[in-house]
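Dear colleague,

Please find below the structure that I am handing over to you, together with its sequence.

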Amino acid sequence: MTSDTPRKGRFITLEGGEGAGKTTQINRLKDALTKRGFDVLTTREPGGSEGAEQIRHLLVNGDVARWDSMTETLLHYAARRDHVEKVIRPALEQGTWVISDRFADSTMAYQGYGHGLDLTVINGIYKLVLGEFSTDLTVILDLDTEEGLKRANSRAEGEDRYERMDIEFHQKLRQGFLEIARTSPQRCAVIDASSDADTVFNALWDVISNRLSEV
Ligand code: T5A
């Protein structure tokens, strides 16, 4: 399938800093869309395909400084290429709606705005690896950095290499996500993730039903 092949399903991503509540909201969104008769696949990055899950292990574990920002970006894009080609594109082509916990905007926010890799370099890698492939809708869950880290730490299940990075890094990537939304308003929406999970879901559902005409 080339980047020009028409899609039948929709590709939605949820983005945000650590502990913003993406997993919680994706589960609710899957239930709501399934009840309305859509075939829904949920997935995540880094990971989502067998090869990408192996690369994930290299990214979310180990010493904070084990990769420089370019190596880290290339690892995320190697994983993403496998995920898109083996899982996301085939599902979309069959008419399945795909919801991913993180996608390319995370690389821009974390490795670009957070770690300082040149944003035009990241855009160039995106074009090289994915061409014109893009999300239909990206919802950014925006939450105070310290609150997000507190929520994420309360889970204590390992895979915490990024959570261990310093607070300034997390503050920069939060601003990065907001900047991404400002520069791509057609594709992105920001919602306040500080309320309880029901309130956040209501805001998410408003965005989904307003932006995607099939819902
Ligand atoms: N990364 C990823 C990059 O650097 N570049 C990239 O290109 C990509 C794709 C992945 C890491 O990789 C980095 C970013 C990440 O650091 P991960 O383990 O997948 O790591 O981590 P996260 O994506 O951050 O996932 P988390 O599980 O930490 O956060 P979620 O999914 O946003 O949050 P969730 O739903 O698990 O909730 C966290 C806790 O908060 C509670 C939940 O019950 C849970 O305990 N909670 C709430 N509490 C109060 N109010 C609410 N509204 C709540 N919603 C959830």
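**Backbone features in the loops**

E159 is located in the loop that joins α6 (145–153) to α7. Before going further, please bear in mind that this is a predicted model. The phi angle of E159 is near 50°, which is a positive value in a residue other than glycine. With a relative accessibility of 33%, E159 counts as partly exposed, because that class covers the range between 20% and 50%.

A positive phi is also found at R102, where the angle is near 80°, and this residue too is not a glycine. R102 belongs to the loop between β3 (97–101) and α4. Its relative accessible area is 12%, so R102 is buried, the limit for that class being under 20%.

A further point concerns the peptide bond from E45 to P46, which is cis, with omega near -10°. P46 is placed in the loop between β2 (40–44) and α2.

**The ligand and its surroundings**

The ligand sits in the largest pocket. Helices α1 (22–35), α2, α3 and α4 are the elements that give two or more residues to the shell around the ligand. Of these, α4 gives the most, with four residues. There are 25 residues around the ligand, and those that come nearest are E18, K22, T23, T24 and T107.

- A polar backbone atom of S195 is 2.8 Å from a nitrogen atom of the ligand.
- An N or O atom in the side chain of R151 is 3.3 Å from a nitrogen atom of the ligand.
- A polar backbone atom of G19 is 3.4 Å from an oxygen atom of the ligand.

On its own, the ligand has 1000 Å² of accessible area, and the protein covers 84% of it.

Is E18 buried or exposed? Its relative accessibility is 15%, and therefore E18 counts as buried. The side chain of E18 also makes a polar contact with the side chain of Y110, at 2.6 Å.

In soluble globular proteins, nonpolar side chains tend to be buried together. In this model, the largest nonpolar core has 33 residues, and Y77, I88, F103, L130 and F133 have the most contacts inside it. At least two residues of this core are supplied by each of α2 (50–60), α3 (69–93), α4 (104–114), α5 (119–130) and α7 (167–183). Helix α3 provides the largest share, namely seven residues. Another core, of 25 residues, lies apart from this one; I26, L141, F201 and V207 are among its members.

Finally, I12 is found in strand β1. Its relative accessible area is 0%, so I12 is buried. How far apart are I12 and S49, in sequence and in space? The two are separated by 37 residues in sequence and by 17 Å in space, taken from C-alpha to C-alpha.

With kind regards

Key:
Residues numbered from 1 in each chain as written. Predicted model: local features only at pLDDT ≥ 70, side-chain atom pairs only at ≥ 80, totals over all residues. Heavy atoms only, no water. Core = buried A, V, L, I, M, F, W, Y, C linked by side-chain atoms within 4.5 Å. Buried < 20%, exposed > 50% of the residue type's maximum accessible area, 1.4 Å probe, protein only. Near = heavy atom within 4 Å. Polar contact = N/O pair within 3.5 Å; in protein donor to acceptor, adjacent residues only side chain to side chain. Areas by Shrake-Rupley, 256 points an atom, 1.4 Å probe, with all protein chains shown as cover. 1 Å grid on protein atoms, 1.4 Å probe; cavity = no way out; pocket = protein on both sides within 12 Å on 5 of 7 lines; lining within 4 Å. Sits in = over half its atoms within 2 Å of the grid points.
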